[in-house]
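These are my notebook entries on a single chain. I set down what I looked up, in the order in which I looked.

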Amino acid sequence: MLKILDKLPSQAFAICALRWSMLFIFAFFGVAKFATYEAEGVAKIAMHYPLFSWMYPLIGVQGTSNVIGTIELATGALIALGAWSHRAGLIGGLMGMTTFLITLSFSFGVPLWEEGYGFPFMGSTAQFLFKDAVLLAACLTLALHGGHALRARADA
């Protein structure tokens, strides 16, 4: 059994897997924000949220979604650049954490449990939002990785 454990990939492999899977998430979700169907879907939740509500009268549904998509693409790019730059990885991880803290905060004040069933039967909004807890943890891990590497370099 221990011989199998000796052949496990390193923690660096796990960080690499997290990094590129988060790039995948941010790239596809970011690009989707430029499509009308996604902009309208986001607006259903974000239009009434104080952080975003002010944008809708100024730049409209598609414009607001484009801003969100641009931020998501920038976040993914910084997370990817974290493979070569710990500072970029730290910033990208922090941006990702902010993204998922914001989306998780959408869960306050909306119906989360399936009507007629209640807790613990998640409705579609809870299913959409709760996965972001894992994505938040992934971004936290990447931010910490970048931060620890920067600190180690400064201490050397």
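**Entry 1: Ala-77**

I began with Ala-77, which lies in helix α5. The model I am reading is predicted. Is Ala-77 buried, partly exposed or exposed? I found a relative accessible area of 36% for Ala-77. Buried requires a value under 20% and exposed a value over 50%, so a residue in between is partly exposed. Ala-77 is therefore partly exposed.

I then looked up the separation of Ala-77 from Phe-119. The two residues are 42 apart in sequence, and their C-alpha atoms are 38 Å apart in space.

Where does Pro-120 lie? I located Pro-120 in the loop between α6 and α7, the latter helix covering residues 124–130.

**Entry 2: the chain as a whole**

I next recorded the overall make-up. The chain has eight helices and zero strands. Read along the sequence, the pattern is α-α-α-α-α-α-α-α. The C-alpha atoms fill a box of roughly 55 × 40 × 25 Å along the principal axes. The chain has 156 residues, and 35% of them count as buried.

Two packed helices are described by the angle between their axes and the distance between the axes. I applied this to α2 and two of its partners.

For α2 and α5, I noted an angle of about 160° and axes 8 Å apart. An angle over 145 degrees counts as roughly antiparallel, so α2 is roughly antiparallel to α5. I recorded the crossing of α2 past α5 as left-handed.

For α2 and α8, the axes come within 10 Å and cross at roughly 125°. This angle makes α2 oblique to α8. The crossing of α2 and α8 is left-handed.

**Entry 3: α6 against α8**

I then turned to helix α6, residues 86–105, and helix α8, residues 132–155. Their axes come within 7 Å and cross at roughly 155°. As a result of this angle, α6 is roughly antiparallel to α8. Which residue classes make up the contact of α6 with α8? I listed 15 nonpolar, eight polar and three charged residues. The handedness of the crossing of α6 and α8 is left-handed.

**Entry 4: Leu-144**

The relative accessibility of Leu-144 is 44%, so Leu-144 counts as partly exposed. I also checked Leu-144 against Met-47, which is 97 residues away along the chain. The C-alpha atoms of Leu-144 and Met-47 are separated by 32 Å.

**Entry 5: the largest pocket**

Rolling a probe the size of a water molecule over the atoms shows where empty space is left. I looked up the largest pocket and recorded a volume of about 620 Å³. The largest pocket is lined by 30 residues. Which of them are the closest to its centre? They are Lys-33, Ile-68, Glu-72, Thr-99 and Thr-103.

Of the contributors, α6 gives the most, with seven residues.

I end with two points to revisit in the displayed structure. Helix α6 packs roughly antiparallel to α8, and α6 also gives the most residues to the lining of the largest pocket. Helix α2 is roughly antiparallel to α5, whereas α2 is oblique to α8.

Technical notes. Residues numbered from 1 in each chain as written. Predicted model: local features only at pLDDT ≥ 70, side-chain atom pairs only at ≥ 80, totals over all residues. Heavy atoms only, no water. Axes fitted to C-alpha atoms, helices over the stretch in contact; angles between N-to-C directions. Helix = DSSP H or I, 4+ residues; strand = E, 2+ residues; numbered from the N terminus. Parallel < 35°, antiparallel > 145°, perpendicular 65-115°, else oblique. Left-handed = near helix turned anticlockwise from the far one by under 90°. Nonpolar A, V, L, I, M, F, W, Y, C, P; charged D, E, K, R; others polar. Buried < 20%, exposed > 50% of the residue type's maximum accessible area, 1.4 Å probe, protein only. 1 Å grid on protein atoms, 1.4 Å probe; cavity = no way out; pocket = protein on both sides within 12 Å on 5 of 7 lines; lining within 4 Å. Points joined across faces, edges and corners; volume = space filled by probe spheres on them.
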